[in-house]
Amino acid sequence: MATTQQMLAVRNPRSGKVDHKIAVSSREEVAQKAAALRANQPAWEALGVEGRCAVMARWLGAVKAQAMAIGEADAHDTGGCHTSYIQGFITMGNIGGWLEDAPKAFAALEYDAMSTSMPSVRVQSQVVAYPLTGVISPWNAPLMLALLDAVPALFAGSAVLLKPSEVTPRVIEALFETVRQVPELAGVFDYVTGPGEVGQAVIEEADTICFTGSVPTGRKVAVACAERLIPCNLELGGKDPCIVTASADLERAATAVLRGAVYATGQVCYSVERVYVHRSVHDDFVALLVEKAAEVRLNADNPRAGHIGPFTHPPQGAIVARHLNDAVRKGAMVRSGGTVEDIDGGLYLRPTILTDVDHTMAIMQDETFGPCLPVMAYDDEDEAVRLANDTRFGLTASVIAGTEEEAERIGRRLNAGGIFLQDTFLTFAKMRTFGTDSFGWSGYGAPRIGPESLRRFLRRKSLLTQTGEVADIRNDHHLGEGG
């Protein structure tokens, strides 16, 4: 007798109501899809980078035709503001960028020369893709973060099995409508849906794993990959600080810090989550910040008009509320916002500024992932650096100072992979140029952006050809006779 496939309810973050369902992929379905992808991958890799680029260019055209629909699906998934509506165009930029970068990245990996230690031996390189890459992506920026890994893996010649978050599946469904329009791509790019158990099944089938999410889940992924002796790349978030010096333009600083903290409801791994301001300008900075925060609007009435959307995932609103309550209980003062509001079923938080905070509070130590700005005073540069580096994370950090030279001097002392000087939220500026490493708990593995990130999906071989005479062990005078 046939069994009924388990279905999973999907909540609308703006209404709080269930308005969508997804089928939970069984262990057998994951294995079947993985096997099909593996079977098609050799032909995909055999196309070579130029052949794959031709296929991906056709996909780019399909995405372009559906860019608005993809953005609408992302907005439905996340409750986002304009950030969601441009996701289709961000995807186009991702694919288009790799169309330009992938051939150059492969060329940089080529090597053909005579050995310096054995001059008669020719050394040639060969790169071989991992047959199957598993991508496990999160609910915040669900399309962009899934494709940061999936797109370069495909260009590298790998097949990709994607497991998106069960919280935000609609945009992935919209994306795969475009994938199915390109048969060669559809043969090597597929997805499965469901809760964490489905992600575990993907790990059991793949040859390498890319995961974006929380530290606790990231640890489980790392252990599971270690047990199979397969590589993994982990992107695990941050607790990103910003230092504002005494000489900084406070108007500029307050504008940058506010945007860096509340953009996309603060549900971004490189959002500003801690602010350290020189004591001499602390009060003036906070006053400016509160003034600017009062002008930020929720998008509850019109998703295209406001600045802050609802929490995509209700448990995140509970985490933020817990951090705020802990801070207030320990003496923090709320200067604006501070209460998670239920508006027509959606959970919202207005820009929340706190002062009188310290490092005993969760809001200064743990990832909050909401539009919160705890501001702490410092007395000298050494203290500011010490406080900024007092974290288990190290994704990004910001410095806003009176001069670029001052900002750079401080920035070079901070422990994070991306340092934003004289602004915040500058990650997109480096995505086509080069990648950076995560410090501490923020990640594990090779950079996930920049041309060198293609290397994550490739294994390098050396072909060594003896062009001269082979060595005769009988004439090898380096061998002693023993005794």
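Analyst: In this predicted model, the largest nonpolar core holds 72 residues, and those touching the most other members are Trp 59, Phe 155, Leu 185, Phe 189 and Ile 209. Helix α6, residues 142–156, supplies the largest share of this core, with 9 residues.

Setting aside neighbours within four places in sequence, its contacts include Leu 147 and Val 151. Trp 59 also meets Leu 175, Thr 178, Val 179 and Val 182, along with Ile 95. Leu 185 and Phe 189 complete the list of its contacts.

Now to the cysteines. A disulfide is a covalent bond between the sulfur atoms of two cysteines. How many does the structure hold? The count is 0. Cys 53, for one, has its nearest cysteine sulfur 19 Å away, in Cys 210. Cys 53 is also buried, at 9% relative accessible area. For Cys 225, the closest cysteine sulfur belongs to Cys 232, and because the two sulfurs are 4.4 Å apart, they are too far for a bond; the cut-off for a disulfide is 2.5 Å. Cys 225 is buried as well, with a relative accessibility of 1%.

Ile 86 sits in the loop that runs between α4 (82–85) and α5 (87–109), and with a relative accessible area of 36% it is partly exposed.

Methods
Residues numbered from 1 in each chain as written. Predicted model: local features only at pLDDT ≥ 70, side-chain atom pairs only at ≥ 80, totals over all residues. Heavy atoms only, no water. Helix = DSSP H or I, 4+ residues; strand = E, 2+ residues; numbered from the N terminus. Buried < 20%, exposed > 50% of the residue type's maximum accessible area, 1.4 Å probe, protein only. Core = buried A, V, L, I, M, F, W, Y, C linked by side-chain atoms within 4.5 Å. Contact = heavy atoms within 4.5 Å.
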